[in-house]
Amino acid sequence: MTTFDEIKEIFSIKRIIASLLAALMMFSSVVKSGKLGKVELVVTGEVTTQSEKINLEIRSYSLKEIDYSEEYTIEVKKDGEWEKLERGPIKDIAIVPSTMFFQSSNVSVDIRYLPGGKLEAGEYRITKMIKVGSRSDFEPYTAYFTVTEAPAQEVTTVPAA
């Protein structure tokens with residue numbers, strides 16, 4: 001008859017093997033997609049005309065340390081040309097150590113610092129300066145996104161008494 005400790009050992013071995021297989025599959029996917037050793041900037045989630053933040057993810061497929069500042073530029077596409085949006089200054093510096101594959105860092109950009117505090121529907125791009133490795137320089141990384149019109153909010157009226 002199998003003891004409880006033997007059952008626990010079997011399940012922990014299965015869990016280790018499953019974790020190793022998952023890691024190998026992820027690594028294989030990164031190699032096949034050409035992302036190995038690279039970093040990418042991605043806008044996550046929907047951005048609408050009523051959004052207060054733009055959520056970014058800095059994804060690392062590198063073993064090197066990743067540094068970035070809170071600085072960014074946002075541009076809107078008007079008549080086929082990119083036009084920079086002005087905003088208030090932001091001076092904080094964040095350092096994100098990335099010592100393993102598949103690490104990421106989430107950053108939010110507050111739209112209230114932009115002119116009018118909101119974005120109009122249209123095509124946009126956001127650029128952040130990111131440094132990959134201690135011997136490299138900061139380089140621009142850009143993510144493209146679309147701002148959609150926010151759905152109209154339903155207004156309920158109550159008859160006067």
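**Figure 1. The K78–E83 salt bridge**. E83 has a relative accessibility of 39% and counts as partly exposed (buried means under 20% relative accessible area, exposed over 50%, partly exposed in between; 1.4 Å probe, protein chains only). K78, at a relative accessible area of 40%, is partly exposed. Their side chains meet in a salt bridge with an N to O distance of 3.9 Å (a side-chain nitrogen of Lys or Arg within 4 Å of a carboxyl oxygen of Asp or Glu). The model is predicted: local features need pLDDT of at least 70 and side-chain atom pairs count only at pLDDT 80 or more, while totals for chains, interfaces and linings use all residues. Residues are numbered from 1 along each chain as its sequence is written, and side-chain values use heavy atoms, with hydrogens and water left out.

**Figure 2. The R125–E75 salt bridge**. The closest N and O atoms of R125 and E75 lie 2.6 Å apart. The pair links distant parts of the chain, with R125 in strand β9 (residues 122–132) and E75 in strand β5 (residues 73–78), 50 residues apart. Strands (E, at least two residues) and helices (H or I, at least four) are DSSP runs, numbered from the N terminus. Both R125 and E75 are buried.

Figure 3. D110 is buried, with a relative accessible area of 12%, whereas R112 is exposed at 57%. The search of the whole structure finds five salt bridges.
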